[in-house]
Amino acid sequence: MDTTALDAAARRYRLAEAELDKARAELTAEVATVLDGNEERGAQADVARRTGWSREQIRQIMQRHAKAKRATQASSEPAK
């Protein structure tokens with residue numbers, strides 16, 4: 001049984017998955033950067049339209065971002 005083509009396809013698939021994961025992380029970071037502290041009306045809807053993600057997905061990203069930001073701030077505060 002020759003599995004050369006199968007192995008090559010599997011390797012390409014893993015590489016593509018890794019690139020997709022990297023691109024998703026970059027896009028998520030950019031969403032958080034654009035929306036963090038942005039009170040502009042319609043900003044979330046605009047980001048949702050530009051990314052193709054739903055407003056709910058954008059809200060979830062921002063909730064995770066806020067949680068991570070709070071954890072970072074708490075860990076950098078001096079102990080009392």
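Helices here are DSSP runs of H or I with at least four residues, strands are E runs of at least two, and both are numbered from the N terminus. With that settled, glycine 42 lies in the loop between α1 and α2.

A word on where this comes from. The model is predicted, so local features need pLDDT of at least 70 and side-chain atom pairs count only at pLDDT 80 or more, while totals for chains, interfaces and linings use all residues. Residues are numbered from 1 along each chain as its sequence is written, and side-chain values use heavy atoms, with hydrogens and water left out.

**How the helices pack**

Two packed helices are described by the angle between their axes and the distance between the axes. The axes are lines fitted to C-alpha atoms, for helices over the stretch in contact, and the angles run from 0 to 180 degrees between N-to-C directions.

| Helix pair | Angle | Axis distance |
|---|---|---|
| α2 (residues 43-51) and α3 (residues 55-76) | about 110° | 9 Å |
| α1 and α3 | about 80° | 10 Å |
| α1 and α2 | roughly 160° | within 11 Å |

To put words on those angles: under 35 degrees is roughly parallel, over 145 roughly antiparallel, 65 to 115 roughly perpendicular, and the rest oblique. The α2 and α3 angle of about 110° makes α2 roughly perpendicular to α3. Likewise, α1 at about 80° to α3 is roughly perpendicular to α3. The helices α1 and α2, on the other hand, are roughly antiparallel to each other.

Handedness comes next. A crossing is left-handed if the near helix is turned anticlockwise from the far one by less than a right angle, and right-handed if clockwise. The α1 and α2 crossing is right-handed, and α2 passes α3 in a right-handed crossing too.

**Who touches whom**

Contact means heavy atoms within 4.5 Å. For residue classes, Ala, Val, Leu, Ile, Met, Phe, Trp, Tyr, Cys and Pro count as nonpolar, Asp, Glu, Lys and Arg as charged, and the others, Gly among them, as polar.

Between α1 and α2, Leu27, Val31, Val34 and Leu35 of α1 meet Ala43, Gln44, Val47 and Thr51 of α2. That contact splits into six nonpolar, two polar and no charged residues.

**The core and the outside**

Buried means under 20% relative accessible area, exposed over 50%, and partly exposed in between (1.4 Å probe, protein chains only). A nonpolar core is a set of buried Ala, Val, Leu, Ile, Met, Phe, Trp, Tyr and Cys residues joined through side-chain atoms within 4.5 Å.

The largest such core has 10 residues: Val31, Ala32, Leu35, Ala43, Val47, Ala48, Trp53, Ile58, Ile61 and Met62. Two or more residues each come from α1 (4-35), α2 and α3. Leaving aside residues up to four places away in sequence, isoleucine 58 touches Val31, Leu35, Gln44, Val47, Ala48, Thr51 and Trp53.

Now for the outside. Arginine 49 in α2 is exposed, at 58% relative accessibility. Glutamine 63 in α3 is exposed as well, at 54%.
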